Each structure stands twice: as structure tokens, then as C-alpha cells.
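Here's a quick tour of a protein chain, made for someone new to reading structures. Have a look at the model first, then work through the points below.

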Amino acid sequence: MKNKYLFLIALLLMTPSFIGRDGARLSAQMRINLGGDSPLRKLQMAELAINNLYVDSVDEQKLVEDGIRGMLEKLDPHSSYSTPKEVKQMNEPLQGSFEGIGVQFNMAEDTLLVIQPVSNGPSERAGIVAGDRIVYVNDTTIAGVKMSREEIMRRLRGPKGSKVRLGIVRRGISDTLRFTIVRDKIPVHSIDATYMIRPQVGYIRIGNFGATTHDEFVASMKKLLAQGMQTLILDLQENGGGYMHAAVEIANEFLQEDDLIVYTKGRSTNSVEYRARGGGLFPASTTHHPTPTTQHPTPNLIILVDSYTASAAEIVSGAVQDHDRGIIVGRRTFGKGLVQRPIDLPDGSMIRLTIAHYYTPSGRCIQKPYEMGNMKDYADDMLHRLKSGELMSADSVHFADSLKCYTLKEHRVVYGGGGIMPDEFVPLDTLKYTPFHRKLAAKSILITQNLRYVDGHRKQLKRDYPTFDDFRQRFEIPQTVIDAIIQEGEKQNVKPKDDEELQRTLPLLRHQLKALVARDLWHMDEYYAIMNEESDVVQHALKMLGAE
């Protein structure tokens with residue numbers, strides 16, 4: 001027992017050293033704070049006492065992780081702790097690539113169905129084609145065994161240069177085909193769609209802001225400009241953010257040299273400004289007369305936002321609005337104006353600690369209010385917005401006069417303290433999708449039946465509709481597909497309330513299915529080219545431009 005106490009005292013004299021991702025060493029500060037009655041020393045003593053003296057054995061790693069999470073949960077809603085595995089999974093979509101076999105897939109009847117191999121990726125080079133079913137990986141059966149999607153992905157992914165053996169079932173071939181795939185870097189794109197939505201009007205949808213977003217955006221812009229684009233609709237709906245520097249680079253493409261894009265300010269960090277370099281691909285150009293549907297001049301830039309537009313996406317929206325560079329269309333954005341600094345821990349885990357607020361050029365802090373430690377109320381904010389009527393009427397949003405700011409060129413009133421309020425509000429149509437439609441989608445019945453249809457008719461569809469324009473004009477979802485969806489819904493106890501609900505469901509159901517077929521035959525550009533024709537926000541933007 002004496003030795004155990006000596007061991008405990010010796011441990012208490014040790015000072016750990018952590019190095020953050022920004023290279024700042026924290027150990028010196030800890031040495032100062034560990035003296036006397038330091039709260040940090042108290043915490044360390046408690047952990048060591050539990051680990052060495054508690055009656056039962058404990059998992060020290062979990063004990064420490066729970067302690068870190070407990071501290072962070074009492075702060076703001078966005079400070080967080082991630083395990084090494086979570087860090088890797090979180091970084092992959094933002095870093096722009098992962099290592100694997102390169103297929104877009106979905107699960108159809110407990111079988112992995114290849115939707116599309118990644119262009120010039122390892123699977124396409126090996127001869128795998130759309131419609132193939134992967135039934136085993138390295139001699140382990142994955143079909144018909146109810147293996148989780150996460151486990152299947154784990155088996156398919158692996159370091160670049162490693163090999164994986166696949167068993168493939170292909171329609172029209174009785175034998176199981178065998179392929180050996182050499183894994184490689186697989187690009188992860190952050191731009192979901194790029195196409196000309198109307199003559200002279202381009203459309204780009206950014207899903208998140210990652211390491212490759214700016215390069216992708218430049219390529220998309222050059223493509224559209226070459227096709228005669230004069231006006232851009234930039235869709236940031238449901239964009240949850242990502243890297244701040246990616247948002248700054250995107251905003252730079254629209255603003256003039258030295259225009260302020262965003263600045264950050266915190267209690268222990270110096271204020272940092274980010275300004276435009278100028279020379280962007282799409283400078284301001286407007287015709288100064290109001291359109292029949294709006295009091296705003298006709299812009300050459302419209303940004304679409306909604307309640308899930310957050311963080312880096314709000315930086316771009318706020319900068320464009322504050323400089324009166326374009327028109328923001330949609331609903332009030334999420335309101336995440338907190339800057340997190342990643343602090344890497346020795347085992348590969350990471351703390352993301354909020355160190356500052358970010359502010360738009362007019363001085364708006366767009367972080368919505370929160371109570372420290374009250375995660376539930378913060379998480380329920382979207383529900384509060386729905387119940388208050390805000391999503392249906394802009395008049396339901398009220399800002400205090402103390403939050404009032406002014407745009408920098410036209411001196412219009414804008415408000416901070418709760419997201420970016422659009423210049424043109426588009427109400428949420430809560431009746432657009434019937435409960436029957438939503439339940440069919442939630443149960444994956446639409447996806448499953450769509451996959452089954454495309455899988456059985458892929459060659460015929462490609463033959464009958466050699467181009468997307470031909471498909472868009474002539475293709476209609478067969479009634480047999482609708483019947484199969486309704487029958488499968490009945491099996492899973494998903495039924496329309498009455499015939500009136502069924503009839504209201506069918507037009508949008510057919511439209512969504514047509515978009516899904518287009519996605520599976522071509523790519524996401526074609527999917528959004530169809531879906532956007534039923535999007536209230538997109539159609540409002542087109543109406544502003546007189547391009548319905």
C-alpha cells in the first residue's frame with residue numbers, strides 16, 4: 001500500500017505536454033496552472049485517485065475521454081471531443097479524398113449494388129460496371145448476411161496500393177466474376193452539381209467547404225462561362241460549412257480587391273481579418289432596374305440558403321450580402337458563427353475548441369443565441385422555428401435594434417445575432433410532400449424500387465434515351481414502378497390515408513423517381529436538373545431573373 005501511495009504522489013508531480021495542430025505548446029501554461037489549489041491539479045488528482053485506488057478496475061482511457069467530454073459539454077454547442085477513429089472519418093470528406101476501390105453504391109435487398117464506378121478509378125479500370133453486385137470481399141460473403149453498411153465500407157476501403165478480391169454477380173452472366181482491385185486515392189467532391197439551368201444562367205451547388213472546393217469551383221465556373229453564363233445561381237442550401245479558408249477563396253471570386261470577407265475575434269486571440277485579393281472570376285455586374293417581382297436590381301449573382309446553411313456557407317452569404325454584391329434568397333440560415341481550433345492529442349484524438357466568433361464585413365456576429373451547457377434547446381432550434389411560424393413567414397423573425405447593421409454600399413439594414421436573413425424570403429411549403437410520400441422515403445422504399453427498376457432496364461434505357469435532353473423530354477416513370485412502390489408500402493404498413501392523399505402524392509413521387517433514374521444513368525448534375533424544377537427556392541430565383 002505504501003508503494004501505491006508513493007506511486008500516486010510521483011504521478012501527481014508529472015506534467016503532461018500537449019501540442020495543438022497550430023503548433024502552440026500548452027505544457028508551459030499547464031506548469032503555471034498546476035501549482036497550489038489549481039482546478040487543473042484537482043482534476044488530475046481525481047483521475048489518478050480513481051485509476052489507482054477505486055475498488056473495481058476502470059478503463060482509464062474512457063475515464064479521461066468522459067472527463068473531457070463532460071467539460072466541453074458545459075461550454076458552447078460546437079466545442080467537441082473526437083476519438084482517433086472519429087477524427088479520420090470526419091476529415092475524409094473535407095480533405096477531398098479517401099483510399100478505396102472507387103464505387104458509388106447503394107444497398108438493394110441486402111446486396112451491394114454498384115450505381116456508378118468513379119471515373120478513371122480503380123474499379124472502373126478493372127472492368128466493374130454500373131449494375132454489378134458485389135457479393136464477397138476477400139472471400140468473406142457480404143450479400144444476404146445483413147452486414148452493416150459501415151462494415152462493408154470498412155472492408156472495401158484500405159491503404160493505397162493494397163489489393164482486395166471481389167466477387168461480382170453481373171446480370172446476364174451465370175458465373176460469379178472475380179476481380180482483384182488495387183486500391184487508390186478516391187476523390188471526394190464537394191460540388192454536387194454544375195449545369196446551365198437556363199440560357200445564360202448557370203447553377204452550382206456546393207455541398208460543403210473542403211480542401212478541394214475552390215479548385216472544383218474554378219473548374220465549374222470556367223465550364224459555365226464557356227457556355228455563355230452571365231448570371232450565377234449559387235446553391236448553398238443544406239451546406240453545413242467546413243473550412244473557413246475555402247469560404248474565403250470562394251468569396252474572393254465575387255468581390256473587389258481589399259474587400260473585407262470576414263474577421264474573427266475572441267477573448268484570448270487577436271482579431272484576424274480576411275480580405276479579397278481581387279481578380280476573381282465573376283466580378284459585379286448588374287442592370288440597375290427592379291424586376292417585376294422584386295425591389296432589388298437584377299443581379300448576376302444569387303445565393304440560395306435555408307435553415308441548414310451554416311458556418312463557412314454563412315461567411316460567403318454574409319460577405320456577398322454586406323457588400324451588396326448579390327441577392328440572398330431563401331430562409332434564415334442556421335446561425336453558426338463560432339470558430340473552432342483543432343487541438344491534436346497524442347493518441348490521434350482531437351479537441352475542437354471554440355476560440356472566437358466570426359463577423360461579417362458590416363460587423364454582424366451571426367452566431368445564434370445559446371445557453372452554455374444547454375445542448376437540447378440549441379438542437380431543437382429548427383423545431384422552434386417551425387412552431388413559431390418563421391419558416392412560413394419572414395414577419396415572424398424579430399431582431400433587437402442593438403443587432404442592427406448596414407450593408408456597405410447601399411446601406412440597407414441587416415441584423416446580426418442569428419444567422420443571415422435573406423433579401424428575398426421563400427416560405428417553406430409544409431404541405432408539398434404528403435405524409436405518405438415522406439414515409440415511403442423514410443422507409444427507403446423509393447430508393448429500393450428505383451434501384452430495382454434501373455438495374456433491370458439499364459441497357460434499354462441507355463438505348464432508348466441516348467442523351468439526357470432526350471430523357472428529360474420524353475421519359476415517364478412506368479406505372480409498374482408506381483404499383484410496386486404502393487405494394488411494398490402496404491407490406492410495410494405504409495399506406496395513404498385516402499385516395500385524395502394518394503393522388504396528391506403521385507405527381508411529386510413520379511418527379512423524384514425520374515430524377516433518381518437520371519442520377520443512376522448519368523450523374524448528380526442531371527439529378528438536380530430535374531429536381532430543381534420543383535424547388536420553390538430555385539424557381540423563385542429564376543422568377544427574379546425573368547427566366548422561369
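**Where α13 meets α17**

P435, F436 and H437 of α13 make contact (heavy atoms within 4.5 Å) with E501, L502, T505, L508, L509 and Q512 of α17. Keep in mind that this is a predicted model, where local features need pLDDT of at least 70, side-chain atom pairs count only at pLDDT 80 or more, and totals for chains, interfaces and linings use all residues. Residues are numbered from 1 along each chain as its sequence is written, and side-chain values use heavy atoms, with hydrogens and water left out.

- Sorted by type, the residues in this contact come out as five nonpolar, three polar and one charged. Here Ala, Val, Leu, Ile, Met, Phe, Trp, Tyr, Cys and Pro count as nonpolar, Asp, Glu, Lys and Arg as charged, and the others, Gly among them, as polar.
- The axes of α13 (residues 435-442) and α17 come within 8 Å and cross at roughly 45 degrees. That makes α13 oblique to α17.
- A word on angles: under 35 degrees counts as roughly parallel, over 145 as roughly antiparallel, 65 to 115 as roughly perpendicular, and the rest as oblique. The axes themselves are lines fitted to C-alpha atoms, for helices over the stretch in contact, and angles run from 0 to 180 degrees between N-to-C directions.
- T505 sits in helix α17, and with 1% relative accessibility it counts as buried. The labels go like this: buried is under 20% relative accessible area, exposed is over 50%, and partly exposed is in between (1.4 Å probe, protein chains only).
- Setting aside neighbours within four places in sequence, T505 is in contact with T434, F436 and H437. T505 and F436 are 69 residues apart in sequence, yet their C-alpha atoms are 7.2 Å apart in space.

**The whole chain**

- You'll find 19 helices and 23 strands in the chain. Helices (H or I, at least four residues) and strands (E, at least two) are DSSP runs, numbered from the N terminus.
- Of the chain's 548 residues, 49% count as buried.
- The accessible surface of the chain is about 27,600 Å², and 53% of that belongs to carbon and sulfur atoms. Areas like this come from the Shrake-Rupley method with a 1.4 Å probe, and for residues only the protein chains shown count as cover.
- Take the contacts in the chain with a separation of 6 or more: 68% of them are between residues 24 or more positions apart.

- On the α17 side the contact uses H511, Q512, K514, A515, L516, A518 and R519, and on the α18 side M524, E526, Y527, I530 and M531. Those residues split into seven nonpolar, two polar and three charged.
- The axes of α3 (residues 39-53) and α4 (residues 60-73) come within 10 Å and cross at roughly 150 degrees, so α3 and α4 are roughly antiparallel too.
- L43, E47, I50 and N51 in α3 meet E60, L63, V64 and M71 in α4. That set divides into five nonpolar, one polar and two charged.

**Strand residues to look up**

- Q104 is in strand β3 (residues 103-108) and is partly exposed, at 34% relative accessible area.
- Leaving out residues up to four places away in sequence, Q104 touches L113, V114, I115, Q116 and R519.
- E424 belongs to strand β23 (residues 424-425) and is buried, at 12% relative accessible area.

**Two positive phi angles**

- Most residues other than glycine have a negative phi.
- D139 isn't a glycine, but its phi is positive, near 70 degrees. This residue lies in the loop between β5 (133-137) and β6 (140-141), and at 58% relative accessibility D139 counts as exposed.
- S311 isn't a glycine either, and its phi is about 55 degrees, a positive value. Its place is in the loop between β17 (301-305) and α10 (312-322).
- Is S311 buried or exposed? At 9% relative accessibility, S311 counts as buried.
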